Amino acid sequence: MEPIDIGLWVSGGLLVFVLLGMRVAFAAGLAGFVGLVWLRWNGFDYDPARFWKAVEISVKVAGLTPHSKVSAQVLSLIPVFILIGYLAYYAKLTTALFVAAKRWIAWVPGGLAVSTVFATAGFAAVSGASVATAAVFARIAIPEMLKIGYNKAFAAGVVAAGGTLASLIPPSAILVIYAIIVEQDVGKLLLAGFIPGAFSAIVYAGLIIGIAMVFKTVGPPVGGFTWRERFESLPPALPIFAVVIIIIFFVYNPFGDAWGTPTEGGAIGAFIIFLMALYRGMRWAELKRALLDTAKLTVMIFTIIWGVLIYVRFLGFAELPAAFSDWITSLEMSPMLILICILLGYAVLGMFMDAIGMLLLTLPVVYPAVMALNGGEYVSAADSAFGMSGPMCAIWFGILVVKMAEFCLITPPIGLNCFVVAGVRDDLTVQDVFKGVTPFFIADAATIAMLVAFPGIVLWLPSLAG
Amino acid sequence: MAGSAAVLEDSSLLSRLDRALLPLERFCALLSGLAIFSLMFLAAYSVTGRKFFASPMAGYVDYIEAAMPIIAIMGVSYVQRDGTHVRMDMLVSALKGRVLWFFELVSVLLILVLIVALTWGAYEHFDRSFDCARPLCSRDSSIDIGLPIWPSKLVVPIAFAILTLRLLLQAWGYGRALVLGLENPVAVPMNLSVAEQARLEAEALEGND
Amino acid sequence: TFALEAAATEWNVSVWGKRRAFTEHVEKLAELVAEKTGGEFTMNVSYGGLSKNRENLDGISIGAFEMAQFCAGYHADKNRVVTVLELPFLGVENLDQEVAVARAVYAHPAATEEMAQWNAKLLMTSPMPQYNLVGTGEPRDELAEFEGMRVRATGGLGKAFEAVGGVPTSVTATEAYQAMEGGVVDTVAFAQHAHLSFGTINQADWWTANLNPGTVNCPVVVNIDAYESLSDEHRAALDSSIPEAIDHYLANYAELLQRWDSVLEEKGVQKVEVAPEVIAEFQSVAGKPIHDAWIADMEAQGLPGQELYDLVVKTLAEAKGGS
Ligand code: NA
Ligand code: NA
């Protein structure tokens with residue numbers, strides 16, 4: 001049997017295990033391990049006497065992978081970005097942000113909903129993996145909106161959609177994971193997420209203002225805040241600005257003279273938020289909970305990382321990724337059309353799968369194919385299919401798939417953000433939230449089309465960084 | 001993202017073993033959290049030293065790499081106990097009773113096979129870097145300050161060995177549920193729908209702002 | 001009929017990065033071996049797909065792949081003997097001399113014995129020129145300016161810069177560009193091809209042309225079992241191709257070095273000539289004292305440190321006399 005056939009059989013088996021509900025990390029690890037044994041024994045021509053030798057080699061190869069793969073400095077960004085989000089929560093930054101946003105911008109049509117969007121965007125700037133953003137804002141923002149007569153489904157939709165911003169606006173654990181899988185510059189990817197994230201927030205805000213001017217489902221503007229009240233709302237939200245500035249200096253290096261690495265930036269941001277949380281009353285009991293929660297999410301993510309990397313190690317021996325990109329590039333279709341098909345594939349997959357699991361499982365095969373489609377890893381912009389150099393294509397595709405994964409958080413049937421919002425509110429059903437989120441769902445589809453049609457939105461900032 | 005779920009308890013031996021293992025698992029997870037917390041201070045210290053005192057910290061990268069296995073792997077069993085590891089639960093959430101316990105049992109047994117293999121492989125990886133005939137028992141060292149790597153490699157088989165115990169308990173739990181046709185078995189994560197999980201996740205945040 | 005056919009042999013080879021001057025001998029070896037055996041003995045060169053570079057020796061030990069490349073400085077405790085070749089200021093002047101000293105050390109029983117513990121046999125070196133620095137900002141051409149400098153330098157080179165107050169901060173080669181851009185390091189010590197391949201030259205404002213602090217040693221090894229199970233014909237094809245592969249490597253590298261000045265000009269990188277008295281001062285701090293410390297350390301561990309060191313000195317003198 002050819003290694004490539006073994007690669008296909010094992011990948012098919014992996015898919016079955018995942019569908020049957022086996023934990024993704026272990027399904028991938030098991031597929032990788034079984035694949036390694038099979039491939040090795042195949043190399044021994046299925047000689048029964050050498051079966052255990054094949055097992056022994058595979059056990060050792062698979063067994064060194066977890067330690068080998070997690071011991072990388074760049075991966076330390078992930079736990080730090082997660083810690084920052086939990087500490088920000090205990091520092092009560094969510095409420096502070098919402099109050100400040102309300103006092104400063106609620107005077108526009110659809111004011112409270114617009115304030116909610118910008119508060120979630122602001123929280124996204126200190127939260128690296130905010131599964132909790134939607135849950136927290138559902139409890140802060142929805143009651144206030146309902147009080148002044150918002151349609152409850154619409155109010156819930158705003159929160160569910162706003163909750164998706166955290167993964168594009170840096171810090172973002174999922175962008176770090178993408179960067180590591182495809183071996184691209186982490187700083188540039190984080191930088192690239194900024195404008196599409198802000199762009200999405202602005203599209204949401206514009207949409208709300210538009211709806212507010214036409215329909216009555218959206219509440220009236222909320223004015224009457226004095227300048228004094230406005231300025232008083234700023235200090236509690238101040239750590240956000242401190243963190244944003246620090247991240248700008250560490251990740252974006254605006255003046256050339258770098259302060260340090262993104263990890264260090266994240267760590268110092270976390271330190272500032274930590275001090276703020278202490279000041280706001282966090283004590284050992286809360287800190288312990290924050291640390292346990294951080295550890296849990298971190299371990300969950302890393303388990304998928306090393307599990308999938310055992311599978312990837314097997315793929316390397318089976319030469320499957322190379323075969324897949326040969327196949328993709330041999331298709332008689334325009335590269336752009338193929339790319340759109342791939343994105344649509346992610347839209348379908350994302351309905352049923354968790355974002356990180358989805359990216360980790362598919363990227364080892366899909367990413368080389370996309371790069372090959374563009375003309376290779378080292379292609380120049382002039383010779384490429386999508387009009388951008390290899391590294392730029394890697395960044396662009398990363399932002400597209402992450403936006404796609406976020407999009408799936410609000411699509412039926414398993415849009416997790418909608419379930420979370422409905423879960424917090426006894427008076428809301430999941431159907432209500434899906435109904436309320438529909439306009440944002442359409443806006444997101446339009447945003448993704450824009451990012452595909454005008455890659456400049458994604459690539460402008462990272463191209464400035466040289 | 002699958003949220004964590006409840007694990008039922010009673011006075012049976014299985015449940016008592018489950019609760020006996022839990023403090024060890026929680027301690028390991030807390031070690032991971034504390035390592036992340038130290039990372040924060042380490043970075044703050046390193047940047048301050050470099051930026052303001054022109055004395056960068058020697059071996060900064062080596063220390064971080066040594067801490068990563070504690071951060072990333074030490075808590076793996078704690079996360080398995082309440083079913084936080086991600087999975088696609090479309091199918092299993094539609095199943096009930098013996099069929100469900102059968103699927104869960106098979107799944108846990110397959111994971112057990114993998115983890116036993118990985119415990120062995122990870123131990124071998126540690127063993128290759130460990131030789132007490134040498135200074136500090138080191139047969140593999142870090143790149144800058146020559147830190148022995150074996151302690152960090154040893155973290156992995158230890159974490160996996162604890163996970164092996166956890167998986168044995170879960171296999172027992174599901175096996176018992178399958179044989180006895182139980183409705184609410186102890187010592188295994190209860191299967192929750194997406195909506196129930198979301199509610200739990202939201203409740204976990206109650207009273208904190 | 002089955003028994004009459006020579007069995008086809010396919011080897012997996014684990015290297016890292018992308019194809020570059022540093023891997024040309026491996027590529028050439030694969031080409032020559034396939035040619036000589038009529039395509040029966042093939043090598044599949046994988047750039048990072050089979051293993052992380054720091055685990056290549058583990059992979060050989062396990063038998064995960066049959067051939068691999070690694071650098072001694074990545075994990076000194078795995079390969080104490082060959083680190084003698086990474087001592088700073090040994091006085092190696094060109095790649096031919098580098099090949100000569102590496103060959104002598106690889107043939108020493110202490111080296112073969114230590115590698116045999118990893119089930120590995122040293123096949124050939126990947127000769128590299130002196131690891132000069134690139135950096136940003138003002139050129140650092142005085143010893144005082146090395147104080148507090150974060151430098152990407154592994155092994156003995158790191159020790160050398162440490163001796164004059166530098167702080168070795170050794171991200172792996174693949175992460176060097178990012179480390180320089182992100183400010184983790186101020187300067188990077190690499191051979192010319194690596195400054196090109198890993199993009200550090202694009203970040204640089206200057207390059208030291210004559211600091212010549214030393215180099216690193218990156219052997220290519222094979223799994224002993226795989227080597228011994230080769231048919232006589234295949235083994236002969238492999239052994240006889242090594243000198244040719246190295247010659248190809250040297251010719252290719254010479255071309256690259258000829259282009260180097262124009263590369264510097266094109267990228268706007270200043271060529272810094274360090275004053276001879278500065279180099280002499282550097283050498284007095286980071287040369288002999290580090291050599292002596294290495295010898296003492298090895299002897300304390302029961303390895304023939306003095307003998308290995310003398311072997312290098314003697315071979316180098318012969319190589320210089322001969323050329
Ligand atoms: Na974020
Ligand atoms: Na509800």
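This is a predicted model: local features need pLDDT of at least 70, side-chain atom pairs count only at pLDDT 80 or more; totals for chains, interfaces and linings use all residues.
Q: What makes the radius of gyration of chain C agree with that of a compact globule?
A: For 323 residues a compact globule would have a radius of gyration near 20 Å, and chain C has 20 Å, so the two values agree. The C-alpha atoms of chain C fill a box of roughly 75 × 45 × 35 Å along the principal axes, and the secondary structure of the chain comes to 13 helices and eleven strands.

Q: What share of the residues of chain C count as buried?
A: Of its 323 residues, 62% count as buried, a word that requires a relative accessible area under 20%.

Q: How far apart are the mean positions of the positive and negative charges of chain C?
A: The mean positions of its 22 positive and 47 negative charges are 2 Å apart.

Q: Why is the pair of F37(B) and F41(B) called edge-to-face?
A: Over all chains the structure holds 40 aromatic pairs. In the pair of F37(B) and F41(B), the ring centres are 5.1 Å apart and the planes stand at 90°; since rings pair if their centres lie within 6.5 Å, and planes over 60 degrees apart count as edge-to-face, the pair is edge-to-face.

Q: Why are F37(B) and F41(B) separated by about one helical turn?
A: Both residues belong to helix α1 of chain B, which covers residues 13-53, and because they are four residues apart within this helix, about one helical turn separates them.

Q: Is F37(B) buried or exposed, and how do you know?
A: F37(B) has a relative accessible area of 11%, and as the limit for buried is under 20%, F37(B) is buried.

Q: Why does F41(B) count as partly exposed?
A: The relative accessibility of F41(B) is 35%, a value that lies between the limit of 20% for buried and that of 50% for exposed, so F41(B) counts as partly exposed.

Q: What makes F154(A) count as buried?
A: F154(A), which lies in helix α8 (residues 152-162) of chain A, has a relative accessibility of 6%, and therefore counts as buried, the cut-off being under 20%.

Q: Which residues is F154(A) in contact with, leaving aside its neighbours within four places in sequence?
A: Contact means heavy atoms within 4.5 Å, and on that basis F154(A) is in contact with A113(A), I208(A), I211(A), V218(A), G436(A) and F440(A).

Key: Residues are numbered from 1 along each chain as its sequence is written. Chains are lettered from A and ligands numbered from 1 in the order in which they are written. Side-chain values use heavy atoms; hydrogens and water are left out. Helices (H or I, at least four residues) and strands (E, at least two) are DSSP runs, numbered from the N terminus. The radius of gyration is taken over C-alpha atoms; the globule rule is 2.2 Å times the number of residues to the power 0.38. Buried means under 20% relative accessible area, exposed over 50%, partly exposed in between (1.4 Å probe, protein chains only). Lys and Arg count as positive and Asp and Glu as negative; His and the chain ends are not counted. The place of a charge is taken as NZ of Lys, CZ of Arg, CG of Asp or CD of Glu. Rings of Phe, Tyr and Trp (its six-membered ring) pair if their centres lie within 6.5 Å; planes under 30 degrees apart count as stacked, over 60 as edge-to-face and the rest as tilted.
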